[in-house]
Amino acid sequence: MRAAVITVSDSGYAGKREDTSGPAAAQMLREAGYEVVSVRILPDGKEMLKKEFCRLCDEDLADLIVTTGGTGFSPRDLTPEATEEIIERKAPGIAEAMRLHSLTITPRAMLSRGTAGIRKQALIINLPGSPKAVRECMEYILPPLEHGLAILKGEAGECARP
């Protein structure tokens with residue numbers, strides 16, 4: 001499966017802050033057997049992110065797109081809104097599972113507004129912005145995602161895990 005990682009951060013995009021969340025997500029995806037086809041940093045807000053989502057999904061460039069950042073309460077944290085404006089179907093259980101798991105680690109997990117959904121044959125998942133939270137969420141969701149992506153791609157019979 002092919003994966004893309006998008007870090008959403010004004011300061012990262014401007015080169016004022018080193019992105020550690022995106023590389024953490026990309027490394028975990030590679031270790032899980034994904035081909036990471038794109039790792040980008042985009043500014044907070046919706047328009048550039050929506051355009052990149054559509055490019056990756058509509059041109060069938062990635063099967064899984066994970067974002068880091070832009071899921072909090074800041075006025076420019078609009079990653080969930082950008083995601084929901086371009087998806088065709090919601091996948092609420094993924095974001096609910098990440099929040100539930102994260103709540104066992106920190107009560108601040110309730111402040112994450114991340115979402116997940118499907119456009120064409122690609123799954124988009126919003127992760128929190130910290131590398132620690134990225135690792136915790138990815139460790140939790142990666143194993144069952146294999147089956148979900150196989151179903152999405154019409155390859156469920158080839159998926160080894162139940």
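Q: What makes strand 1 (residues 2–8) and strand 3 a parallel pair?
A: Strands here are DSSP runs (E, at least two residues), numbered from the N terminus, and two strands pair if DSSP finds at least two bridges between them. Strand 1 and strand 3 have five bridges in the parallel sense, so they meet that definition. One of the contacts to look up is Ile6, whose bridge partner in strand 3 is Thr67.

A quick note on the model before going on: it is predicted, so local features need pLDDT of at least 70 and side-chain atom pairs count only at pLDDT 80 or more, while totals for chains, interfaces and linings use all residues. Residues are numbered from 1 along each chain as its sequence is written, and side-chain values use heavy atoms, with hydrogens and water left out.

Q: How do you know that strand 3 also pairs with strand 6 (residues 122–127)?
A: Five bridges join strand 3 to strand 6, and the two run parallel. For Thr68, the bridge partner in strand 6 is Leu127.

Q: Why is strand 3 (residues 64–68) called mostly covered?
A: Buried means under 20% relative accessible area, exposed over 50%, and partly exposed in between (1.4 Å probe, protein chains only). Five of the five residues in strand 3 are buried. In a regular strand the side chains alternate between the two faces of the sheet. Here Leu64, Val66 and Thr68 are buried on one side, and Ile65 and Thr67 on the other.

Q: Is Thr79 buried or exposed, and how do you know?
A: Its relative accessible area is 0%, so Thr79 is buried. You will find Thr79 in helix 4 (residues 79–86); helices are DSSP runs of H or I, at least four residues. Leaving out residues up to four places away in sequence, Thr79 touches Val8, Leu49, Thr67, Gly69, Gly70 and Asn126, where contact means heavy atoms within 4.5 Å.

Q: What makes Cys57 count as buried?
A: Its relative accessible area is 4%, so Cys57 is buried. Cys137 is buried too, with a value of 2%.

Q: Why is Leu111 called partly exposed?
A: Leu111 has a relative accessible area of 40%, so it is partly exposed. Look for Leu111 in the loop between helix 5 (92–103) and strand 5 (116–119).
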